[in-house]
Amino acid sequence: MRVRELVEGFNLKVIAGELGLDREVKGGYCGDLLSDVMAKAPVGCIWMTVQGHLNIVAVAVLREMAAIVITGGREPDVETVQKADQEQLPVLTSPFSAFELAGRLYALGVGAGRTP
Amino acid sequence: MSTGKPDVLREFKTDLHIHTCLSPCGDWEMSPRNIIQSCRDAALDLIAICDHNTSENTGAVRREGERHGICVLPGLEICSKEEVHILAIFEELEHALAMQEWVYGGLEGQNQPEVFGYQIVANEDNEVLGENPRLLIGATRHGLGDIVRQTHALNGLSLSSHVDRPVNGIINQLGFIPPDLMLDGVEISYRIALHQARSALPEIGDRPCITSSDAHFLKDIGRAYTILRMAAPTLSEIGLALRGEGGRRIVT
């Protein structure tokens with residue numbers, strides 16, 4: 001599944017990194033402690049977080065993520081948007097909480113069958 | 001300095017992170033008078049009062065400190081929207097209070113004392129003046145970068161709190177210290193010896209590093225401190241010591 005399909009299917013707003021929308025989504029991760037996400041997020045995942053700090057772009061690049069979704073109606077910082085555009089990393093927003101969005105993604109098969 | 005004579009430098013036993021009874025998690029016993037008595041017992045020369053998202057008790061502690069020869073700087077421990085704790089320390093009370101107004105502008109919610117703890121505004125005679133109704137334990141809407149910029153605009157020093165800690169420490173919250181964040185230094189908790197900080201936490205890099213008690217209880221005062229070699233117990237001298245300029249430095 002491509003990031004673009006999830007954007008359309010879940011009405012996600014593309015804030016940055018539009019050039020990366022054809023990246024393949026291979027899994028999912030939720031977390032707001034970036035130290036935890038840096039250590040554990042699977043490669044190719046779509047990451048749901050409430051953090052909007054510039055550091056999320058570095059973490060996503062490090063873990064070779066497909067995209068970031070900032071949940072709960074929050075917005076990324078201006079520098080985050082600029083950096084994500086440079087990296088062609090999709091940064092998306094959703095009014096849903098990470099729990100609600102992750103549940104819907106999992107039901108679609110994103111990340112299903114993975115063991116911790 | 002204008003006379004051309006070299007400054008007389010001496011060592012100041014310094015603790016730049018002490019809470020009062022105004023912090024919801026600060027003990028009732030942390031009154032201005034009691035804090036200064038404990039600082040005298042611990043032979044501290046210089047302290048900063050940094051309550052969560054407020055500076056309302058700093059004037060009282062400073063006045064009490066003046067009676068007993070302890071220099072007190074007014075500050076705050078601000079919780080950023082990333083839920084990172086960061087110290088803002090000032091020389092002038094009016095600058096700390098201006099910072100406080102800016103912080104209050106980004107702080108929502110009302111305290112529930114029975115859940116989070118009482119927030120006591122007190123004077124230097126140990127009298128209760130009132131309770132602060134704000135949710136001081138909460139996170140502000142201000143991002144880290146904006147907090148550092150605002151602190152500097154008010155001539156303050158900006159230090160990232162307890163960077164070794166899992167709760168509200170910058171490394172745990174953000175994975176690493178943002179390289180463009182214009183911090184004046186970082187603080188480690190009493191759990192790590194200052195001389196071991198850089199090896200224990202390579203993320204600190206070459207940033208100036210101090211340690212403080214982060215005291216919430218009287219018994220905590222003195223459990224960690226930093227010796228600074230300076231000409232006087234002032235904020236500008238602390239800045240020089242952090243940067244290692246003019247012979248000023250962090251000793252231990």
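Biologist: What stands opposite Val69(A) in β5(A)?
Modeller: Leu92(A) does. This is a predicted model, where local features need pLDDT of at least 70, side-chain atom pairs count only at pLDDT 80 or more, and totals for chains, interfaces and linings use all residues. Residues are numbered from 1 along each chain as its sequence is written, chains are lettered from A and ligands numbered from 1 in the order in which they are written, and side-chain values use heavy atoms, leaving out hydrogens and water.
Biologist: In which sense do β4 and β5 of chain A pair?
Modeller: Parallel, over three bridges, with β4 at residues 67-70 and β5 at 91-93. Strands are DSSP runs of E, at least two residues, and helices are runs of H or I, at least four; two strands pair if DSSP finds at least two bridges between them.
Biologist: And the sheet, what's the order?
Modeller: β1-β5-β4-β3-β2 in chain A, an open sheet of five strands with mixed pairing. The edge strands are β1 (13-16) and β2 (27-30) of chain A, each pairing on one side only.
Biologist: Switching to chain B, which residues of α3(B) are buried?
Modeller: Ala96(B), Met99(B), Gln100(B), Val103(B) and Tyr104(B), where buried means under 20% relative accessible area with a 1.4 Å probe, protein chains only. They sit on the same side of α3(B), because they cover an arc of only 135° around the axis, taken from the directions from the helix axis to the C-beta atoms.
Biologist: What do they pack against?
Modeller: β3 (71-79) and α5 (144-153) of chain B, with contact meaning heavy atoms within 4.5 Å.

Terms used:
Buried means under 20% relative accessible area, exposed over 50%, partly exposed in between (1.4 Å probe, protein chains only).
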